[in-house]
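Please examine the model shown here with attention to its pocket and its packing. The report below takes these topics in turn.

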Amino acid sequence: MLNRIKSVYLFINEKGTVSTQELVEEFGTTHRTIQRDLNVLTYNDLVCSPSRGFWTTTEKKVKIS
């Protein structure tokens, strides 16, 4: 699960702004699973939703190992 969440974050960071549907298609999961991952990232202030159904990364610095 953590690997997928990290991959979701990296994908959003690389693309800039992505839709929830793009994430579903890219990672081959359900909308609900992607929403759970986005909830974790939002809780940790790593992504935000500038408009409904779209996601982008925040300015928070992240050390990726």
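Which residues line the largest pocket?

## Basis of the model

This is a predicted model, in which local features need pLDDT of at least 70 and side-chain atom pairs count only at pLDDT 80 or more, while totals for chains, interfaces and linings use all residues. Residues are numbered from 1 along each chain as its sequence is written, and side-chain values use heavy atoms, with hydrogens and water left out.

## The largest pocket

The lining is formed by Ile 5, Lys 6, Tyr 9, Leu 10, Val 40, Leu 41, Asn 44, Leu 46, Val 62, Lys 63, Ile 64 and Ser 65. A pocket here is an open set of points on a 1 Å grid over the protein atoms alone where a 1.4 Å probe fits, with protein on both sides within 12 Å along at least five of seven lines, and lining residues have an atom within 4 Å of a point. The volume, about 150 Å³, is the space filled by probe spheres set on the points.

Helix 1 (2–15) and helix 3 (31–43) each supply at least two lining residues, with helix 1 giving the most, 4 residues; helices are DSSP runs (H or I, at least four residues) numbered from the N terminus.

## Helix packing

The axes of helix 1 and helix 3 lie 10 Å apart at an angle of about 80 degrees, which makes helix 1 roughly perpendicular to helix 3 (65 to 115 degrees). Arg 4, Ile 5, Val 8, Tyr 9 and Ile 12 of helix 1 meet Thr 33, Ile 34, Asp 37, Leu 38, Val 40 and Leu 41 of helix 3, contact being heavy atoms within 4.5 Å.

The axes of helix 2 (residues 20–27) and helix 3 come within 9 Å and cross at roughly 110 degrees, so these two helices are also roughly perpendicular to each other. On the side of helix 2, the contact involves Thr 20, Gln 21, Leu 23, Val 24 and Phe 27, and on that of helix 3, His 31, Ile 34 and Leu 38.

## The aromatic pair

The structure holds 1 aromatic pair (ring centres within 6.5 Å). The rings of Phe 11 and Phe 27 have centres 5.8 Å apart and planes at 80 degrees, so the pair is edge-to-face (planes over 60 degrees apart). Phe 11 in helix 1 and Phe 27 in helix 2 are 16 residues apart, and their pairing links distant parts of the chain.

How values were computed:
Axes fitted to C-alpha atoms, helices over the stretch in contact; angles between N-to-C directions. Parallel < 35°, antiparallel > 145°, perpendicular 65-115°, else oblique. Phe/Tyr/Trp six-rings, centres within 6.5 Å; stacked < 30°, edge-to-face > 60°.
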